[in-house]
Amino acid sequence: MKKTLDHIYAVVEHAADLPASGVPDKLYVVRTDETAGGGTILYHFDGSKYNPMSGGIGGSDPSLNGRVTAIENAMTTATHVFKEDFISQNRIDFAKTDASVGTGYVRTDRLASFQEDYSTTNYVDIANSTNISVDTANKKLALAAGNLSGVALSKSIPTTGTKYATLSASVRHKEELAFSGHTKLSQSYPQSWHMGTAVVVDRSSRTWHFWFISSVGIYLRCTNEDGKIAYDGLVLQSTDFVYHANGYSSSIAVDYSNRIWLSAVVCSASVYRSILYGFNPDFTSVGSWPLLSNSSNYVGFTSLYLDRYDHLWVYYGANVNSAYNNFQVYDVSQKDISLHVTQTERVHGGITMGAVKIVYDSTRDRMIFLGHGTGGGHAIRSSAWSISGAQLVSSVSISLSSATVHSINAVYDAKLDRIIVFSFSSGKIHIVHLNPQTLTQVWAGVINDSLNCVDAPISVLISGDAFMLAYSTTADSAQSRTIHVIGVDAYGVTVVPDMLASGNISNHYHPTIYRSPNGTIKVAYSTLRYGTTLMIEDASYQNVSSTVEFHLSNDGGTTWRAALSDQQIEFPTVGSQLRIRAALKAPQLGFSPEILSYSITEGNNSTNPGTTRTFISTSLPSVSPVGKAVLAADTDVSGGGIIEWYVANDGGYNWKPAIPGQTVSFPDLNSDLRVKAILHYPILASKPPVITGYNVASYSSIVQSDLDTLQQNLALTNFKVDTLSAASKNNMVRMFIDAFNDDSGIDAARSSFVTINGTVRGGLRDISPKMTGPSTPAPFVVKQSGQYSSYAGWYMFDDSDTSYWYTYTAPKPAGGHWASIDLGRSCNIVSFRIMPGNISGGSNGLKDFELYGSNDESAWTQIHKATNPNNLVYNNYVVSNPGFYRYYRLNVLTSYFQPDNALITSLVLQEGVDGTVVSKAEHLPIQPSFVILTAVDTGNPKYYISRDDGMSWMEVAKGKTTSLAGLPAGSRLRYKIETGNDSVQAIGVAWR
């Protein structure tokens with residue numbers, strides 16, 4: 001993770017050279033400080049005096065590490081708390097967990113008399129079960145497709161006579177976001193129309209609802225985190241005030257002083273005005289409100305964004321008919337706001353704009369302006385601007401067909417490094433991906449589940465990896481406008497099914513989707529639910545889980561007794577025909593619960609021996625990297641059970657014992673936090689140990705502010721200390737350090753490397769994707785010559801050793817059965833590993849095979865041919881004739897079962913990488929003239945520097961001040977590493 005250290009303000013020779021009054025919250029380096037025995041020392045100016053931050057930086061003070069560690073322990077670090085209640089069960093590593101898992105708990109049980117894992121259907125009564133499906137390949141029972149409920153019955157389980165029985169089941173539930181109710185917000189002025197909601201949660205977890213009341217003014221309803229009303233009334237009163245209902249023109253932001261800013265287009269006496277309003281935390285107004293535009297022509301769009309410098313960006317329409325729109329930037333860091341960009345700028349001139357949006361590109365630290373325009377045809381217009389207000393990319397146009405002029409919204413997706421634009425066209429919601437660097441289109445698609453959107457911009461809320469969209473539609477009724485909510489991923493695949501928010505009541509407008517302080521997703525909008533004038537209401541959504549109810553019978557199914565998992569039941573009489581019944585219910589199609597396994601323990605618990613089971617989590621949300629962790633747990637060990645806890649920050653390779661409530665410190669900084677519990681059920685215990693939840697707080701050794709980041713980095717490694725020392729001695733006051741604990745500072749598109757044990761180097765890199773379908777994720781596409789049932793070719797690439805591609809058409813195609821993959825780019829596959837699957841007995845589905853490459857999916861070149869052993873393990877191969885190809889195809893010539901059969905479990909392709917690492921650009925406020933580069937490496941890697949964004953490079957030597965006079969002018973600094981056969985663990989670059 002690359003961290004820029006830009007708080008060092010000046011470097012002086014002696015403490016006496018420090019200025020009498022420094023700059024508050026800035027750092028000063030004293031090269032030779034007498035109080036530190038002549039060593040280098042760092043001072044922080046707090047506004048009135050200089051405070052020493054550490055003893056000698058360059059190693060002249062032997063107590064440096066201990067003193068910096070004391071500072072580090074005294075600081076407030078970045079934290080994250082993850083809470084597990086075992087309701088959703090999506091953070092359980094079922095492959096490594098053998099404890100019994102149920103809704104809301106994990107526990108261990110006695111040794112079972114009978115166990116079912118659904119690897120076969122031998123004990124499933126298919127004939128008398130309803131609406132269920134058993135997947136023996138993936139070992140699970142679920143509802144059959146297209147069903148919301150079903151019943152699974154077992155066949156009779158052999159028993160000599162059962163009086164007592166305990167059922168232990170492992171069930172994986174699925175949650176769905178479902179509508180839970182409406183709340184009326186409008187309580188005053190029932191004779192006037194209430195329209196145009198704008199909602200924001202401030203920095204003290206209060207929710208501000210603004211809306212516009214025709215001929216009355218702007219209304220505010222503010223509620224505290226506990227739901228109590230903090231303010232309910234007008235904040236602007238005007239009898240001739242009218243909000244233009246079809247303008248959809250309000251936007252809202254909260255600054256770092258917890259002041260609320262609202263931009264809106266209002267109409268009074270046929271004059272449209274774009275106005276910026278400000279409100280203090282006590283609901284009073286912030287001085288005078290700037291008038292952005294004033295026109296007799298309809299102007300109906302505006303957008304706000306608050307950047308990290310506490311500057312408020314306002315993008316607005318100035319005059320649609322004369323076709324231009326502007327932006328202004330205000331400094332809101334002080335009590336009285338001031339215009340930061342002093343000249344009003346025209347963004348997209350000469351184009352009729354109907355909706356606008358500001359998006360912040362956090363990777364490049366710049367603003368993207370997007371507009372949905374109609375001048376010369378419907379299109380998305382975009383431009384890029386620096387934080388200082390200078391234009392970087394002029395207007396770029398992406399055409400749309402028959403688009404609705406008011407429908408545009410957009411976000412920046414840092415994981416994909418793309419601008420994701422949502423718009424409406426031809427009855428569908430469209431998604432367009434823009435390259436943030438060039439603003440050109442790189443992908444486009446349609447949300448097929450969306451309905452006909454008729455007004456308002458599409459409101460967007462990011463929820464995890466999903467985009468929650470709220471929009472208005474007439475699809476439910478030609479006379480009604482209803483509000484719908486749908487969740488999709490970046491490629492438009494539905495992850496939360498479409499939900500009706502408002503009901504079939506006519507005239508619903510202006511949906512605004514947001515998340516309340518307690519995490520509930522809500523949508524605010526105007527409605528006629530309460531009379532003949534529009535009022536404002538909230539629709540709330542909560543997660544609804546699937547359910548499974550178990551019953552046991554010991555008389556073959558004549559009588560049934562409810563069986564809660566892990567609770568012993570007593571039958572009235574002894575019976576010898578034990579059966580299980582499970583009733584499955586899903587909250588929505590496609591959200592079936594999955595029974596993974598169950599066991600039956602016969603007899604009284606006191607007669608059974610003890611046992612031990614393990615629970616292990618998947619990777620948990622945390623800070624990055626994780627330096628410390630504290631675990632707290634909700635458990636029940638009152639019956640004599642024992643639970644041992646462990647935590648790891650490296651994915652579970654090195655577990656550290658964890659006593660609840662005590663801090664665990666990790667020796668190495670990693671970013672994959674996991675939890676393990678070992679549950680012991682002793683012979684004499686009266687009941688099993690149970691975990692009903694746990695919390696794990698993670699703490700980072702790299703804290704949030706730049707000042708704390710610098711202090712922490714001083715203590716992390718001697719390398720970072722040496723980098724700072726070298727920089728200070730050469731009067732270089734800005735630098736960045738990358739220890740490669742993640743790839744956030746690396747330009748992946750320009751780099752070709754692997755990371756092994758925290759070092760970057762050349763080598764082999766797995767490039768097979770984790771497929772979830774034949775063409776997902778994009779851009780990968782898998783095809784095959786044939787398949788049996790649902791066992792398609794993409795299962796070879798789903799990162800699972802239990803699914804597979806299977807086909808046995810006879811005769812087989814000329815050249816054998818084949819499956820191909822489109823990697824979306826040209827790759828040099830130099831090795832691969834392949835695992836066959838068993839067809840019958842000891843006969844496996846792969847013997848003789850060939851691997852081909854192509855760049856047009858027409859002309860194929862054989863790159864390898866081999867005979868695979870008759871085993872069920874990964875077999876590794878080095879490609880005999882490698883080359884750069886986009887398409888790769890596996891041809892199965894024969895198998896060990898029959899000539900016309902083929903069964904492959906997994907195919908992993910590996911490309912060779914040369915160890916080239918190119919950093920992302922640092923956008924510097926000045927042109928760098930000199931650099932000094934330090935690194936921790938093995939061998940002799942080569943290092944290069946560019947200041948024109950990687951267009952021109954200069955090789956530099958480690959530890960030496962290098963002039964950049966030979967490079968073209970520029971202020972976008974990058975480094976490049978060519979490791980060759982060597983490796984690099986960390987790099988630091990300082991400049992002036």
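Me: Which residue lies over the face of Tyr874, and at what distance from the ring centre?

Reply: This is a predicted model, and in it Arg833 lies over the face of Tyr874, at 5.7 Å from the ring centre. The cut-off for CZ of Arg is 6 Å from the ring centre, together with an angle within 35 degrees of the ring normal. The charged end of Arg172 likewise sits over the ring of Phe94, at 5.2 Å from its centre.

Me: Why is the pair of Tyr315 and Phe369 called edge-to-face?

Reply: The ring centres of Tyr315 and Phe369 are 4.8 Å apart and their planes stand at 80 degrees, while the rule asks for centres within 6.5 Å and for planes over 60 degrees apart, so the pair is edge-to-face. This pair links distant parts of the chain, with Tyr315 in strand 24 (residues 311-319) and Phe369 in strand 28 (residues 366-373), 54 residues apart. Both Tyr315 and Phe369 are buried.

Me: What makes the pair of Phe832 and Phe849 edge-to-face?

Reply: The centres of the Phe832 and Phe849 rings lie 6.1 Å apart and the planes meet at 85 degrees, so this pair is edge-to-face too, given the limits of 6.5 Å for the centres and over 60 degrees for the planes. Distant parts of the chain are again linked, since Phe832 belongs to strand 59 (residues 817-836) and Phe849 to strand 62 (residues 848-854), 17 residues apart. Phe832 and Phe849 are both buried. A search of the whole structure finds 33 aromatic pairs, and ring pairs also join Phe82, Phe86, Phe615, Trp645 and Tyr694 into a cluster.

Me: How do you know that Leu177 is buried?

Reply: The relative accessible area of Leu177 is 9%, and buried means under 20%, so Leu177 is buried. Leu177 lies in strand 14 (residues 175-184). From C-alpha to C-alpha, Leu177 and Val496 are 6.8 Å apart in space, although 319 residues separate them in sequence. Of the 992 residues in the protein, 53% are buried.

Me: Which residues have the most contacts inside the largest nonpolar core?

Reply: This core has 32 residues, and those with the most contacts inside it are Met796, Phe832, Tyr888, Leu890, Ile904, Leu907 and Leu909. At least two residues of the core come from each of strand 59, strand 62, strand 63 (861-867), strand 65 (884-892) and strand 66 (902-913). Strand 59 supplies the largest share, seven residues. Leaving aside neighbours within four places in sequence, the residues in contact with Leu909 include Ile821, Ile829, Phe832 and Tyr888.

Me: How many cavities of 30 Å³ or more are there, and what lines the largest cavity?

Reply: The count comes to two cavities of 30 Å³ or more, and the largest cavity holds about 90 Å³ of space. Its lining has 13 residues, of which Tyr118, Ala152, Leu153, Ser154 and Tyr598 lie nearest its centre. The elements that give two or more residues to this lining are strand 12 (149-153), strand 44 (568-585) and strand 45 (594-602). Strand 44 gives the most, with three residues.

Technical notes. Residues are numbered from 1 along each chain as its sequence is written. This is a predicted model: local features need pLDDT of at least 70, side-chain atom pairs count only at pLDDT 80 or more; totals for chains, interfaces and linings use all residues. Side-chain values use heavy atoms; hydrogens and water are left out. Rings of Phe, Tyr and Trp (its six-membered ring) pair if their centres lie within 6.5 Å; planes under 30 degrees apart count as stacked, over 60 as edge-to-face and the rest as tilted. Helices (H or I, at least four residues) and strands (E, at least two) are DSSP runs, numbered from the N terminus. Buried means under 20% relative accessible area, exposed over 50%, partly exposed in between (1.4 Å probe, protein chains only). A nonpolar core is a set of buried Ala, Val, Leu, Ile, Met, Phe, Trp, Tyr and Cys residues joined through side-chain atoms within 4.5 Å. Contact means heavy atoms within 4.5 Å. On a 1 Å grid over the protein atoms alone, a cavity is a set of points where a 1.4 Å probe fits but cannot get out, and a pocket is an open set with protein on both sides within 12 Å along at least five of seven lines; lining residues have an atom within 4 Å of a point. Grid points are joined across faces, edges and corners, and a volume is the space filled by probe spheres set on the points.
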